[in-house]
Amino acid sequence: MKYLLISVSALCLGLSFSRELRSGAMGLFSPTAAEVQQVHGRAATSNSRRVTSISDVVAKAATFKSLLTSAQVNTLQQTYSATLAHRWSNLPCGIQCRNGLQFSNLTTAQQNAALAVIQAAAGTSVNEGFDEFSMVRQADSLLGITAGSGYSKGIYFIAFLNNPSETGAWMLQFGGHHYASNIAFNNGMVVGATPVFEGIEPKSFTNAAGRACAPIDQEHSAMVNLFASLTTAQLSGARLTQTFSDVLLGPNQDGNFPAVKAGLKVGTLSAGQKALVLEAIKPWVNDADDASAAELLSTYEQELDNTYIAYSGSAALSANANYTRIDGPSVWIEFVCQTGVVFPAQIHYHTVWRDHLRDYGSDLSRTALAIAPDAEAQKTVTVFPNPASDKISISLPDGLSNASLKITMAATGQQVYKAAGIRGSLNNIDVSGFAPGIYMVSIRAKGTTFTGRFVKL
């Protein structure tokens with residue numbers, strides 16, 4: 001199989017599929033099953049599309065399993081645990097750092113069936129989703145030709161955590177060197193599309209079919225365009241003092257989001273610059289199935305004003321240790337340049353997309369990807385002190401009565417505190433026993449949701 005290195009300018013270009021974004025404001029917490037049914041029309045349509053898509057994923061998963069031996073099924077499918085869910089890597093470490101079946105150990109028919117599962121669960125845009133996954137695998141075969149063992153499109157894996165179904169909670173994992181995807185399902189819906197790691201070396205090449213490929217060029221270009229739009233003063237506000245040799249939140253870094261957001265607040269940008277922030281988010285989110293991507297993009301768009309952008313080194317992303325970041329109430333994206341490992345004369349890219357609230361579907365506890373309450377019903381509350389060490393107080397509007405309170409860990413979705421029959425403000429809630437991290441506050445009263453967050457030191 002012959003490959004040719006080419007310049008980045010020779011790209012895998014194509015028309016991106018359009019995505020219809022819902023305009024409703026997006027909340028932070030999962031609704032009950034009854035609330036899902038009450039979501040307004042456009043959201044319900046999105047949910048029904050997603051159920052249809054997952055029917056296809058589940059059917060293809062059943063077909064794949066039917067082609068396997070009992071021993072292979074036992075390796076492919078394991079009982080869900082957070083430990084297994086968090087077991088993934090971007091390194092060429094094979095089965096030592098991953099779950100499931102290795103592609104090179106499958107027959108051609110079994111490999112095709114495994115890829116059909118992945119294709120059904122991934123986005124359909126050119127250069128994103130399944131197309132991007134395929135090109136990253138092809139790049140690994142090129143590395144194998146150049147560097148020898150350890151790199152190959154065959155050293156990729158697929159795993160099911162719990163039995164794939166349209167009613168239960170389960171996870172699909174797939175990936176290998178430079179790629180990791182973790183998709184969580186619950187009750188026939190996608191409830192988490194992250195974490196997703198994508199890297200590439202070499203960053204451009206021509207595959208065996210003669211196609212010019214640069215699968216992460218869209219992510220690169222969108223980030224570069226965003227930061228190129230900033231003024232000198234804005235760039236100064238977005239600059240980080242740290243130097244980054246890799247992404248912060250790669251494998252084994254679950255929940256380790258910085259306690260304090262850094263960089264430039266998107267709410268201070270012009271409308272055109274805000275649009276570029278959303279355009280920079282899209283290439284990662286479009287790796288998810290089309291309906292989930294549309295819903296997440298709508299959520300992230302609603303949260304743009306409270307999102308921060310930052311960079312280190314040069315935002316041109318052209319040399320080792322150049323780094324950019326997007327950090328929102330939900331979205332987290334990092335892009336870093338590194339000196340090539342197999343091709344040291346050029347740089348290669350590492351990127352990660354995470355979600356503060358939805359990674360691993362909050363360990364499968366979520367019941368919906370996002371909720372869409374009426375914009376007027378979404379309110380915020382102030383928690384003080386913030387950060388907190390021993391006790392917190394929550395300021396609520398006067399006259400509030402018969403409200404319910406829930407406090408959850410942002411990283412895992414685990415509920416750590418609840419109360420009912422609340423009137424007025426809350427004082428001196430004991431958080432001394434909470435583990436350090438970020439916590440989400442949700443208060444519901446008469447159809448209105450009040451949300452906030454605080455850091456526990």
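1. The model is a predicted one, in which local features need pLDDT of at least 70 and side-chain atom pairs count only at pLDDT 80 or more, while totals for chains, interfaces and linings use all residues. Residues are numbered from 1 along each chain as its sequence is written, and side-chain values use heavy atoms, with hydrogens and water left out.

2. With a relative accessible area of 7%, H177 is buried (under 20%; exposed is over 50% and partly exposed in between, with a 1.4 Å probe and protein chains only). Its contacts, meaning heavy atoms within 4.5 Å, include N90, R98, Y151 and D140, residues up to four places away in sequence not being counted.

3. Eight salt bridges are found in a search of the whole structure (a side-chain nitrogen of Lys or Arg within 4 Å of a carboxyl oxygen of Asp or Glu). One of them joins D254 and R354 at 3.0 Å, N to O; D254 lies in the loop between α8 (232–238) and β10 (264–265) and R354 in strand β14 (residues 347–355), so parts 100 residues apart in sequence are tied together. D254 is partly exposed at 22%, whereas R354 is buried at 0%. D254, R354 and D359 are linked in a salt-bridge network.

4. D355 and R358 also form a salt bridge, their closest N and O atoms being 3.2 Å apart; D355 is buried at 1% relative accessible area, and R358 is buried at 1%.

Notes:
Helices (H or I, at least four residues) and strands (E, at least two) are DSSP runs, numbered from the N terminus.
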